[in-house]
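Reader: Could you walk me through the packing in this one? I'd like the cut-offs along the way.

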Amino acid sequence: NCLPKWDKYNNYKLKLKSNNKFENITKSIFIMFTWRYLLNWKISSVYVKNIITLINDDYLNEVLEKNNITLYFGLHNFRRFKKKIKVNKMIKYVNQKDISDCLMNSSLLISDFSSIIFDMIYQNKPVIIFIPDAYDNKIKNLYQPGYYEIIESLKNGSIYFKNKYFNINDTIKKTIYYIKNNFKLEKSVKQFYDSFQLKCINNTNKFINYLVNDL
């Protein structure tokens, strides 16, 4: 259940704790979506349009500024749409090499079904799952096999996750809830996280030993 890269999160947390720096960390939100292969990468697609609408939302940006919270956006294959996003002092782009740092430093993640949600679950940080194209009637023909099935499973509940939303307003509402509550996990969400049993240490050594013994 454990990934070697999670050792980096453990070491970072210990370093902060030893230096008593937890209270001085500037809060931030990280948004990054799955690297989907979209057959028709246009600004008019439901997927692209809804993600950009979320990031550009005036009320959300007002709350970010009021609370001095930076929103980091992992571009992935959104690089071509940079000019469509209202960049201000509270929104910053994240390149591929900086994703790991964002996962360590951010207080909240907004994503769809990217595996990085487990990086945040491991750190006991809140995750909001937003499926921007859940009700796009063209979705079945837009993606490689598997994407449509995952989205349908999230919609019908056969894949269960807490804080799962299919529209922008609910996503913003939950984001602002976490901002106002200092990104504290609800008890039910903490219990959900605990069900994954991601209590791991020395993940890298365990992985190396597994490989050596397997050979």
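Here are a few questions on the core, a loop lysine and the aromatic rings.

Author: Quick ground rules: this is a predicted model, where local features need pLDDT of at least 70, side-chain atom pairs count only at pLDDT 80 or more, and totals for chains, interfaces and linings use all residues. Residues are numbered from 1 along each chain as its sequence is written, and side-chain values use heavy atoms, with hydrogens and water left out.

Reader: Is Lys82 buried or partly exposed, and what is its relative accessible area?

Author: Lys82 sits in the loop between strand 2 (70–74) and strand 3 (91–94). Leaving out residues up to four places away in sequence, Lys82 touches Leu75 and Tyr93, where a contact means heavy atoms within 4.5 Å. Lys82 is partly exposed, and its relative accessible area is 34%.

Reader: How are the rings of Phe33 and Phe130 arranged?

Author: Rings of Phe, Tyr and Trp (its six-membered ring) pair if their centres lie within 6.5 Å; planes under 30 degrees apart are stacked, over 60 edge-to-face, and the rest tilted. That rule gives eight aromatic pairs. With centres 6.3 Å apart and planes at 75°, Phe33 and Phe130 come out edge-to-face.

Reader: How many residues apart in sequence are the parts tied together by that pair?

Author: Phe33 is buried at 2% relative accessibility, and Phe130 is buried too, at 1%. Phe33 lies in the loop between strand 1 (28–31) and helix 2, while Phe130 is in strand 5 (residues 127–130), so the parts tied together are 97 residues apart.

Reader: How far is the charged end of Lys174 from the ring centre of Tyr177?

Author: A charge sits over a ring if NZ of Lys or CZ of Arg is within 6 Å of the ring centre and within 35 degrees of the ring normal. Lys174 lies over the face of Tyr178, at 5.2 Å from the ring centre. Its charged end also sits over the ring of Tyr177, and there the distance to the centre is 4.3 Å.

How values were computed. Helix = DSSP H or I, 4+ residues; strand = E, 2+ residues; numbered from the N terminus. Buried < 20%, exposed > 50% of the residue type's maximum accessible area, 1.4 Å probe, protein only.
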